[in-house]
Amino acid sequence: MEMNQDWDANGYVKSFGFVPQYGQDVMRLLDYERIRTLLDLGCGNGALTARLLEQGIRVIGMDSSASMLAQARQIHPTIHFLQADATSFALSEPVDAVFSNAVLHWIDEARQPAALQCIYRALVPGGQFVFEMGGSGCNQLIHGALAAAFSKRGRTYQRPQYFPTIGQYTPLLGQAGFKVVYATLFDRPTPLQGEHGLKYWICMFVKSAFVGITADERDAIIDEVASKLRPRMYQHGTWVADYVRLRAKAVKE
């Protein structure tokens, strides 16, 4: 995908396995009776691609991360994986469905129309596009605390993700040619693994914001943020992140 992020595949699997686990709920929106072929867009290490394969359909996994795909091919050698950019890809043959979990929010707002056009072209007429992404307000406490810590040091914090409302995103789907048949925005408090779960989360998912900042200053910022958020986000020995998700289903008209 065209993202603001480089991925540590091993660290992702070790500490953030909840991402594909939650994605299994999104899979329920797929109408499997009408699907023979499916593209898993932003497949990562292929965990959900393999689950989709179990539905008896032919699946293709696509991601831009070489490290993630290397892991996917090792774990799932029978699945076909492609390395491509979500904003400029083309399939040799259209598929009946495109599925995407926790991916689209990594694409810059300005590039969202290009991604949706690629997805539209990748589908047969009547094809399904089912996805979940970060929605408006996602991790607002964390990003707000990071912005304050950056500002305190005379720096500007750049959030690397795009978190739209339903009202912002469904028109983009319509402009690409889709008919939106389902959309919901909901809070999903998400436990993070370990005593230092928040620190690991920031290091994994907000990496680009610290480019050009020394390791010492980065650690000082993260420690300050953790101290500030601990009373609100550390519950019964576990960090709980304030996730908000946008989940939707659209059909190619």
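These are my notebook entries on what I looked up in the structure above.

**Entry 1: ground rules**

I am working with a predicted model, in which local features need pLDDT of at least 70 and side-chain atom pairs count only at pLDDT 80 or more, while totals for chains, interfaces and linings use all residues. Residues are numbered from 1 along each chain as its sequence is written, and side-chain values use heavy atoms, with hydrogens and water left out.

I take helices (H or I, at least four residues) and strands (E, at least two) as DSSP runs, numbered from the N terminus. I call a residue buried under 20% relative accessible area, exposed over 50% and partly exposed in between, with a 1.4 Å probe and protein chains only. By contact, or touching, I mean heavy atoms within 4.5 Å.

I started with helix α5, residues 112-122, which is mostly covered, since 8 of its 11 residues are buried. I listed these buried residues as Q112, A114, A115, L116, C118, I119, Y120 and A122. What lies over them? I found that the cover includes β1 (37-41), β4 (95-101), β5, α7 (166-176), β6 (178-192) and β8 (238-252).

Next I looked up the nonpolar cores, each a set of buried Ala, Val, Leu, Ile, Met, Phe, Trp, Tyr and Cys residues joined through side-chain atoms within 4.5 Å. The largest one has 30 residues, of which L39, F89, I119, F129, F131, Y169 and F178 touch the most other members. At least two residues of this core come from each of β1, β2 (58-63), β4, α5, β5, α7 and β8, and α5 gives the most, with 6 residues. I followed I119 and noted its contacts with L41, F89, V98, F129 and F178, leaving aside neighbours within four places in sequence. Another core, of 29 residues, lies apart from the largest one and has Y157, I213, A241 and V244 among its members.

**Entry 2: E132, a buried acidic residue**

I then turned to E132, which lies in strand β5, residues 123-134. Is E132 buried or exposed? I noted a relative accessible area of 1%, so E132 is buried. Its side chain makes a polar contact with the side chain of R188 at 3.4 Å; such a contact is a pair of N or O atoms within 3.5 Å, where within protein one must be able to donate a hydrogen and the other to accept it, and residues adjacent in sequence count only if both atoms are side-chain atoms. Not counting residues up to four places away in sequence, E132 touches V26, S100, N101, A102, V103, F186, R188, R245, L246 and R247.

**Entry 3: loop residues**

A102, one of the residues touched by E132, sits in the loop between β4 and α5 and is buried, at 16% relative accessible area. Its phi is near 55°, a positive value in a residue other than glycine. I found a positive phi of about 55° at N139 as well, which is not a glycine either; N139 lies in the loop between β5 and α6 and is buried, at 2% relative accessibility.

A110 is also found in the loop between β4 and α5, but A110 counts as exposed at 71% relative accessibility.

**Entry 4: other helices**

In helix α4, residues 66-75, I listed M68, L69, Q71 and A72 as buried. Seen down the axis of α4, these residues fall within an arc of 160°, so they line one face of the helix; the arc is that of the directions from the helix axis to the C-beta atoms.

How do α6 and α8 cross? The axes of α6 (residues 140-152) and α8 (residues 197-205) come within 12 Å and cross at roughly 75°, where axes are lines fitted to C-alpha atoms, for helices over the stretch in contact, and angles run from 0 to 180 degrees between N-to-C directions. That makes α6 roughly perpendicular to α8, because angles of 65 to 115 degrees count as roughly perpendicular, those under 35 as roughly parallel, those over 145 as roughly antiparallel and the rest as oblique. The contact is made by I142, H143 and L146 of α6 and by L198, W201 and I202 of α8.

Last, I looked at C203, which is in helix α8 and is partly exposed, with a relative accessible area of 31%.
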